[in-house]
Amino acid sequence: MYMKPGRRIDVGGFRINIRCIGHGTPTVILEAGWEDWSPEWALVQPEVARFARVCTYDRAGYGFSDAGPLPRTIDRIVLELHATLRGAGEPPPYIFAAHSFGGIVARTFASRYRNEIAGLVFVDSATEEYLYATATPSQLLDYVQSTQHDLHACYQFAATGWSRAPATQRHDCPAQMFRGLPERRFPEALNIFLWRQALQARTYAAVGSEINDFTADNLHRTLSERKDVGTVPILVLTAGHHERTPHAFEALWRLFARDLLSLSTNAHQTIIPNSGHDIELDRPDLVTAAIRSEVTFWRRERMHATQKP
């Protein structure tokens with residue numbers, strides 16, 4: 001179902017693609033990581049649809065969504081998502097399940113629209129504290145600038161139909177999307193389709209702009225603006241094994257993932273020992289189970305509230 005658009009909602013002169021299936025309240029919103037879009041959740045969304053309404057969407061510039069205004073800041077992404085949900089007629093409350101970079105998006109959405117949030121599931125989500133602990137501001141800036149340089153080259157090649165790209169570059173650019181295309185858990189037809197989608201110039205423009213939020217100044221801003229969500233349930237799923245990550249950094253990732261627990265008085269962390277960073281692909285069953293537990297909790301609390309005299 002990810003090889004054609006869902007509904008494309010106008011959010012002010014450009015359209016965001018959203019795909020919702022299933023029924024029931026609350027609605028589950030699946031937020032993809034950096035360089036990812038809707039198909040990242042291909043193994044989770046159909047399973048969640050068995051017990052809840054669940055939506056994926058493509059951030060501006062990705063997948064079937066139009067290019068959006070630059071820069072692609074977290075604030076802009078959150079405003080566009082909120083407008084997309086309203087335009088699509090998908091009312092709150094929402095439970096967010098968010099992977100990696102998407103965790104910052106979900107957390108910011110929860111800060112902006114606190115009364116619309118029923119739960120949060122952080123799927124090996126990024127935290128500012130981890131980046132501060134493992135890199136100096138200058139190292140972060142060097143990483144961002146180096147990555148942007150590579151992405152800009154991909155953008156220029158894509159804008160000219162790849163006519164000037166070396167053979168290696170034509171393969172390296174799409175291969176960096178998701179956790180590397182082709183994705184071993186996807187059928188061949190979907191991999192071929194995603195490879196073609198990843199050849200679009202607007203995708204590299206969006207990806208390159210989003211990474212600006214990894215600079216020290218922006219990380220400090222999002223960290224300072226972070227707000228707790230009271231008693232809203234939070235589940236933090238943390239990968240037990242990050243590929244190509246030194247052991248010391250692995251321990252820090254787990255440690256700082258725990259900081260997300262401070263956002264709520266009802267928060268729990270689970271280490272997934274047999275999964276890498278992409279838990280939604282390695283262990284979609286556990287991600288689905290975490291979402292189910294939050295849906296069940298909200299419905300039980302809602303039922304108890306309505307039964308009170």
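Okay, let's start with a lining: around the second largest cavity, the residues split into four nonpolar, four polar and two charged. Here Ala, Val, Leu, Ile, Met, Phe, Trp, Tyr, Cys and Pro count as nonpolar, Asp, Glu, Lys and Arg as charged, and the others, Gly among them, as polar.

Before I go on, this is a predicted model, where local features need pLDDT of at least 70, side-chain atom pairs count only at pLDDT 80 or more, and totals for chains, interfaces and linings use all residues. Residues are numbered from 1 along each chain as its sequence is written, and side-chain values use heavy atoms, with hydrogens and water left out.

Back to that cavity. Which residues line the second largest cavity? They are Tyr2, Asn17, Arg19, Trp37, Ser38, Pro39, Asp58, Gly63, Phe64 and Gln197. A cavity is a set of points, on a 1 Å grid over the protein atoms alone, where a 1.4 Å probe fits but cannot get out; lining residues have an atom within 4 Å of a point. The volume of this one is about 30 Å³, taken as the space filled by probe spheres set on the points, with grid points joined across faces, edges and corners. There are two cavities of 30 Å³ or more.

Now, helix pairs. Helices (H or I, at least four residues) and strands (E, at least two) are DSSP runs, numbered from the N terminus. The axes of H2, residues 74-87, and H3, residues 102-112, come within 9 Å and cross at roughly 70°. Axes are lines fitted to C-alpha atoms, for helices over the stretch in contact, and angles run from 0 to 180 degrees between N-to-C directions. So H2 is roughly perpendicular to H3 (65 to 115 degrees; over 145 is roughly antiparallel). H2 passes H3 in a right-handed crossing, meaning the near helix is turned clockwise from the far one by less than a right angle, while anticlockwise is left-handed. Contact means heavy atoms within 4.5 Å, and H2 brings Ile74, Asp75, Ile77, Val78, Leu81, His82 and Leu85 to meet Ile104, Val105, Thr108, Phe109 and Arg112 of H3. By class, that's eight nonpolar, two polar and two charged residues.

Next pair: the axes of H5 (137-159) and H8 (201-210) come within 8 Å and cross at roughly 160°. These two helices are therefore roughly antiparallel, and their crossing is left-handed. Gln148, Leu151, Cys154, Tyr155, Ala158 and Ala159 of H5 touch Ala201, Tyr204, Ala205, Val207 and Gly208 of H8. That contact has nine nonpolar, two polar and no charged residues.

Where does Pro93 sit? In the loop between H2 and strand S5 (94-99), and a cis peptide bond joins Pro92 to Pro93, with omega about 10°. Leu181 and Pro182 are also joined by a cis peptide bond, with omega about 0°; Pro182 is in the loop between H6 (167-175) and H7 (188-197). Finally, Ser100, in the loop between S5 and H3, has a positive phi of about 50° although it isn't a glycine.

Technical notes. Angles under 35 degrees count as roughly parallel, over 145 as roughly antiparallel, 65 to 115 as roughly perpendicular and the rest as oblique. On a 1 Å grid over the protein atoms alone, a cavity is a set of points where a 1.4 Å probe fits but cannot get out, and a pocket is an open set with protein on both sides within 12 Å along at least five of seven lines; lining residues have an atom within 4 Å of a point.
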